[in-house]
Amino acid sequence: ARHFLSIEEVKFFIDQMVRYKYNVLQLHLTDDQGWRMEIIKHPELASKQHYTQDQLKELIEYARERQVMVVPELDVPGHTVSLLAVYPNFACEHLVQAEKIMGKTEQMMLCAAKEEVYLLLADVIQEVAKVFDAPYIHLGGDEAAIRKNWAECKDCQQMMQKLGYS
């Protein structure tokens, strides 16, 4: 997701995987640098370089023919500058006004206390599940700056107290 590769380039890597007997490709579709998968219900997410759902289905079939499973990864709740550039109000309150420059802004996260975040993610996960046939969808979460963001967000703190995570 940090560096966009064409479908042909990804196929080349699949062929190299087969050569060395690797059989799982984890395809990183989102990161601070870009949103790489077309989401039909939210086309604004993939406004720059991205794969269409049809291209991904073709890639998955290509991999399947070579006994390689393609597992999609969505990096959330951290590494979401590309999402927050489109939906700045999905950030924690202290970050809503912060400038969001894809590939340059770091340590931003989705607000855990905003219902609309979960509605968007539900839409995204449903579309990803329809395109990919892997039994898994990897939701990132590593490197999420929880102390820097959720700890400073009064809404997240209230939600955590309500849930017993204080």
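Me: In this predicted model, what is the bridge partner of Glu73 in strand 5?
Reply: The partner is His138.

Me: What makes strand 4 and strand 5 a pair?
Reply: At least two bridges are needed. Strand 4 and strand 5 have 2 bridges, in the parallel sense, so they count as paired. Strand 1 and strand 4 (residues 69-74) are joined by 5 bridges and also run parallel.

Me: Why do strand 1 and strand 5 count as edges?
Reply: The open sheet has 3 strands in the order 1-4-5. Strand 1 and strand 5 (138-139) each have a single partner strand, so one side of each has no neighbour in the sheet.

Me: Which residues of strand 1 lie on the covered face, and which on the uncovered one?
Reply: Leu25 and Leu27 are on the covered face. Val24, Gln26 and His28 are on the uncovered face. In a regular strand the side chains alternate between the two faces of the sheet.

Me: Why is the pair of Phe12 and Phe13 called edge-to-face?
Reply: The ring centres are 5.5 Å apart, and pairing requires them within 6.5 Å. The planes stand at 75 degrees, and over 60 counts as edge-to-face, so the label holds. Phe12 has a relative accessible area of 46% and is partly exposed. Phe13 is partly exposed too, at 44%.

Me: What makes the pair of Tyr87 and Phe90 stacked?
Reply: The angle between the planes is 10 degrees, and under 30 counts as stacked. The centres are 4.8 Å apart. Tyr87 has a relative accessible area of 15% and Phe90 has 7%. Buried means under 20%, so both residues qualify.

Me: How do you know that Arg66 lies over the face of Tyr62?
Reply: Arg66 is 3.4 Å from the ring centre, and the distance limit is 6 Å. Arg66 also forms a salt bridge with Glu65, with the closest N and O atoms 3.5 Å apart. At 25% relative accessibility, Arg66 is partly exposed.

Me: What makes Arg2 and Asp31 a salt bridge?
Reply: The N to O distance is 3.1 Å, and the cut-off is within 4 Å. Arg2 lies before helix 1 (7-19) and Asp31 in strand 2 (residues 30-31), so the pair ties together parts 29 residues apart in sequence. Arg2 is partly exposed at 42%, whereas Asp31 is buried at 2%.

Me: How far apart are the closest N and O atoms of Asp123 and Lys41?
Reply: They are 3.3 Å apart, and the pair forms a salt bridge. Asp123 sits in helix 4 (residues 115-131) and Lys41 in the loop between strand 3 (34-35) and helix 2, 82 residues apart. Asp123 is buried at 14%, while Lys41 is exposed at 54%.

Me: Which peptide bond is cis, from Val76?
Reply: The bond from Val76 to Pro77, with omega near 5 degrees. Pro77 is in the loop between strand 4 and helix 3 (81-86).

Note on methods: Residues are numbered from 1 along each chain as its sequence is written. This is a predicted model: local features need pLDDT of at least 70, side-chain atom pairs count only at pLDDT 80 or more; totals for chains, interfaces and linings use all residues. Side-chain values use heavy atoms; hydrogens and water are left out. Rings of Phe, Tyr and Trp (its six-membered ring) pair if their centres lie within 6.5 Å; planes under 30 degrees apart count as stacked, over 60 as edge-to-face and the rest as tilted. Buried means under 20% relative accessible area, exposed over 50%, partly exposed in between (1.4 Å probe, protein chains only). A charge sits over a ring if NZ of Lys or CZ of Arg is within 6 Å of the ring centre and within 35 degrees of the ring normal. Helices (H or I, at least four residues) and strands (E, at least two) are DSSP runs, numbered from the N terminus. A salt bridge is a side-chain nitrogen of Lys or Arg within 4 Å of a carboxyl oxygen of Asp or Glu.
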